Amino acid sequence: MKVVVIGGTGLIGSKVVSKLRQLGHDVVAASPASGVNTLTGEGLAEAVAGAEVVVDVSNSPSFEDRAVLEFFETSGRNLLAAEAAAGVKHHVALSVVGTDRLPDSGYFRAKVAQEKLIKASGTPYTILRSTQFFEFLNGIVQSATEGQTVRLSPALVQPIVSDDVADALVDVALAAPANGTIELAGPERIGLDTLVGRYLSAKRDARTVVADAHARYFGAELNDQSLTPGENARIAPTRFEAWLSRSKAQA
């Protein structure tokens with residue numbers, strides 16, 4: 001069947017495109033580079049014409065509060081309208097575990113807005129909420145660094161590798177719409193400060209991690225429930241050390 005992947009050239013999207021093509025599906029990797037722009041609507045109608053499933057893994061280029069909200073609201077409305085016109089049977093969206101628990105974060109508020117649009121659209125849907133990717137650890141480090149100190153919350157997280165996220169998205173895209181939300185997480189719960197300490201140690205990075213319960217994570221204070229999934233989450237197999245070993249080998 002025809003599947004359109006919005007954000008199909010990014011970290012997650014490119015993996016989803018590859019896996020779906022290997023399974024024999026007709027896949028469109030849609031992105032501004034391919035002439036499909038969800039913010040302006042350019043190329044959307046043509047991209048989704050004849051598609052049965054649309055997988056949206058796009059992300060805002062800016063995390064500034066107003067910009068990220070505008071991105072998810074505008075692109076969401078444009079995409080869902082194009083899908084309705086084309087008769088798309090299943091809208092799949094990637095979101096974040098804890099989205100509705102961190103209203104102090106502009107990014108998480110924007111993801112809540114995106115999810116509300118999907119639920120109200122009338123198109124059958126599945127929202128897959130994932131925990132933080134191992135691949136984003138460097139960005140987390142940079143956002144929390146002051147000089148040679150990395151100040152982070154000790155709150156629990158349950159991170160995941162991007163390949164496991166892509167596998168789950170493929171499974172969801174090929175299944176019947178859940179018309180609900182599925183949570184996805186990695187196999188280990190660990191304090192965010194401890195995780196980053198292990199990451200920096202593996203990279204032989206001399207920066208020091210300081211645990212601070214009031215340290216903000218993209219604008220919000222965390223507790224042990226903020227970024228961890230509930231009881232019925234899908235648990236992915238890849239552990240942190242396996243990802244580190246693979247990353248070193250590829251490097």
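Gln 132 touches Val 96, Pro 159, Ile 160, Tyr 217 and Leu 227, leaving out residues up to four places away in sequence; contact means heavy atoms within 4.5 Å. The model is predicted, so local features need pLDDT of at least 70, side-chain atom pairs count only at pLDDT 80 or more, and totals for chains, interfaces and linings use all residues. Residues are numbered from 1 along each chain as its sequence is written, and side-chain values use heavy atoms, with hydrogens and water left out.

**Two loop residues**

- Gln 132 lies in the loop between strand S5 (125-130) and helix H5 (137-143); helices (H or I, at least four residues) and strands (E, at least two) are DSSP runs, numbered from the N terminus.
- Gln 132 is buried, with a relative accessible area of 11%; buried means under 20% relative accessible area, exposed over 50%, and partly exposed in between (1.4 Å probe, protein chains only).
- Thr 99 is in the loop between S4 and helix H4 (106-120), and Thr 99 is buried at a relative accessible area of 2%.
- Apart from neighbours within four places in sequence, Thr 99 contacts Phe 108, Lys 111, Val 112, Glu 115 and Arg 129.
- Thr 99 and Ala 110 are 11 residues apart along the chain, and their C-alpha atoms are separated by 8.9 Å.

**The sheet**

- Seven strands form an open sheet with parallel pairing, in the order S2-S1-S3-S4-S5-S9-S14; two strands pair if DSSP finds at least two bridges between them.
- Strand S2 (26-30) and strand S14 (234-235) are the edge strands, each pairing on one side only.
- Strands of a sheet pair through backbone hydrogen bonds, either parallel or antiparallel.
- Helix H6 (residues 162-174) packs on the sheet and touches S3, S4, S5, strand S9 (180-185) and S14.
- The direction of H6 makes about 155° with that of S4; axes are lines fitted to C-alpha atoms, for helices over the stretch in contact, and angles run from 0 to 180 degrees between N-to-C directions.

**Strand S3 and its partners**

- From strand S3 (residues 53-56), Val 53 and Val 55 point one way and Val 54 and Asp 56 the other way, and all are buried.
- Strand S1 (residues 2-6) runs parallel to S3 and is joined to S3 by four bridges.
- Val 4 has Val 54 in S3 as its bridge partner, while Ile 6 stands opposite Asp 56 in S3.
- S3 and strand S4 (residues 90-96) also run parallel, with four bridges between them, and Val 55 has Val 92 in S4 as its bridge partner.
- Between S3 and S4 the chain passes through helix H3 (residues 65-86), and this β-α-β crossover is right-handed; that is, with the strands pointing away from the viewer, the path from the first strand over the helix to the second runs clockwise.

**Strand S9 and its partners**

- Five bridges link S5 and S9, which run parallel; the bridge partner of Ile 127 in S9 is Thr 181.
- S9 pairs with S14 in the parallel sense over two bridges, and Leu 184 has Arg 234 in S14 as its bridge partner.

**Helices H7 and H8**

- The axes of helix H7 (residues 192-202) and helix H8 (residues 240-250) come within 12 Å and cross at roughly 25°.
- H7 and H8 are therefore roughly parallel to each other; angles under 35 degrees count as roughly parallel, over 145 as roughly antiparallel, 65 to 115 as roughly perpendicular and the rest as oblique.
- The residues making the contact include Leu 195 and Tyr 199 of H7 and Trp 243 and Leu 244 of H8.
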